[in-house]
Amino acid sequence: MSGHSKWNNIKRKKGAADAKRGAVFTKIGREIQVAVKSGGPDPNVNSQLKDVIAKAKSNNMPNDTIQRSIQKAAGSGANDNYESVIYEGYGPAGVAVLVECLTDNRNRTAGEVRHAFDKHGGNLGTNGCVSFMFKRQGSILLDPTGEDEESLMLEAIDLGAEDLQAQRDEDGELVGYCISTAVENYYTVKQALEDAGHKVLESQIDQVADNYISVTDAEQVKKLENLIDALEEDDDVQAVYHNWDENED
């Protein structure tokens, strides 16, 4: 089962994200607050919170920091109200870009996102201008240690998954197997894989482009990188999705 290697392009900026750990923790803290307010503070019964905790741990967020965020969100004094907002636009070379935000001030966030597009050769569009090019999908990244790709693929399909892709880093080293699922099957498949003894490294429901495009012009590539960097560095931005095939630039 082949296809585009799409686990956030193998965490393209993981090194940079690690260097900006405080900003990463701020973003994850917001996700924890939203998850707790929507489903409660117990990850055993709140699947959304369980996923955010796993994400926090994969980003080396200390356990006491995670627990403080949960307790803060569950406490009576928690009055931060974040709402989810999605912005759509086009980057250089016509690359479609979706920007998912959690914000307590729409005007501030809209202004910052628009500024990033304008500064780096893009255009912020209207709702619906590029979202039709993406679909929501469950993605489950498994530790490849001791796994056989063909056997794992057959098992995942039997459990209700849609696809399996080997994920490799910039040096070609295998870093995991990404299981793709329909959103409605995501939690069921993830739990079944864990129950079967497979180690989940990270999982999420994300936006996946229907088709990816190559950009070969060096100047356009640099502008795209700067646009994505600028958006990801914004505290209000939780995720940036696009249809640029970074593995073929």
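**Overview of the fold**

Modeller: The protein has nine helices and eight strands, and please keep in mind throughout that this is a predicted model.

Biologist: How much of it counts as buried?

Modeller: Of the 249 residues of the protein, 45% count as buried. As for contacts with a separation of 6 or more, residues 24 or more positions apart account for 71% of them.

Biologist: Let's go to the sheets. What is the strand order in the one that includes E5?

Modeller: That is an open sheet of four strands, arranged E5-E6-E4-E7 with antiparallel pairing. Its edge strands are E5, residues 163-168, and E7, residues 200-209, each of which pairs on one side only. On average, and ignoring direction, neighbouring strands of this sheet are turned by 30° against each other.

Biologist: And how many bridges hold E5 and E6 together?

Modeller: E5 and E6, the latter covering residues 174-181, pair in the antiparallel sense over six bridges. Within E6, Gly176 is the residue that stands opposite Gln167.

Biologist: Which helices lie across that sheet's strands?

Modeller: Helix H7, residues 149-159, lies across E4 (134-142), E5 and E6, and runs at about 140° to E5. Helix H8 lies across E4, E6 and E7, and its direction is at about 10° to E4.

Biologist: Staying with H8, what angle does it make with H4?

Modeller: H4 (residues 47-58) and H8 (residues 186-195) pack at an angle of about 60°, and their axes are 12 Å apart. Angles of 65 to 115 degrees would count as roughly perpendicular and those under 35 as roughly parallel, so H4 and H8 are oblique to each other. Their crossing is left-handed.

Biologist: Which residues meet there?

Modeller: From H4 there are Ser47, Gln48, Lys50 and Asp51, and these meet Tyr186, Tyr187, Lys190, Gln191 and Glu194 in H8. The residues of this contact between H4 and H8 divide into two nonpolar, three polar and four charged.

Biologist: Switching topic, what about the sheet with E1 in it: what is its order?

Modeller: It is an open sheet of four strands with antiparallel pairing, in the order E3-E1-E2-E8. The edges are E3, residues 123-124, and E8, residues 237-242, each pairing on one side only.

Biologist: How many bridges join E1 to E3?

Modeller: Two bridges join E1, residues 83-90, to E3, and the two strands run antiparallel. Leu124 in E3 is the bridge partner of Gly89.

Biologist: And which helices go with those strands?

Modeller: Helix H6 (residues 106-119) packs on the sheet, where it touches E1, E2 (96-103), E3 and E8, and its direction makes about 20° with that of E1. Helix H9, residues 218-232, lies across E2 and E8, and runs at about 155° to E8.

Biologist: What does Ser131 contact, leaving aside its neighbours within four places in sequence?

Modeller: With those neighbours set aside, Ser131 is in contact with Glu88 and Leu98. Leu98 is 33 residues from Ser131 along the chain, and their C-alpha atoms are separated by 7.1 Å.

Notes
Residues are numbered from 1 along each chain as its sequence is written. This is a predicted model: local features need pLDDT of at least 70, side-chain atom pairs count only at pLDDT 80 or more; totals for chains, interfaces and linings use all residues. Side-chain values use heavy atoms; hydrogens and water are left out. Axes are lines fitted to C-alpha atoms, for helices over the stretch in contact, and angles run from 0 to 180 degrees between N-to-C directions. Angles under 35 degrees count as roughly parallel, over 145 as roughly antiparallel, 65 to 115 as roughly perpendicular and the rest as oblique. A crossing is left-handed if the near helix is turned anticlockwise from the far one by less than a right angle, and right-handed if clockwise. Contact means heavy atoms within 4.5 Å. Ala, Val, Leu, Ile, Met, Phe, Trp, Tyr, Cys and Pro count as nonpolar, Asp, Glu, Lys and Arg as charged, and the others, Gly among them, as polar. Two strands pair if DSSP finds at least two bridges between them. Buried means under 20% relative accessible area, exposed over 50%, partly exposed in between (1.4 Å probe, protein chains only).
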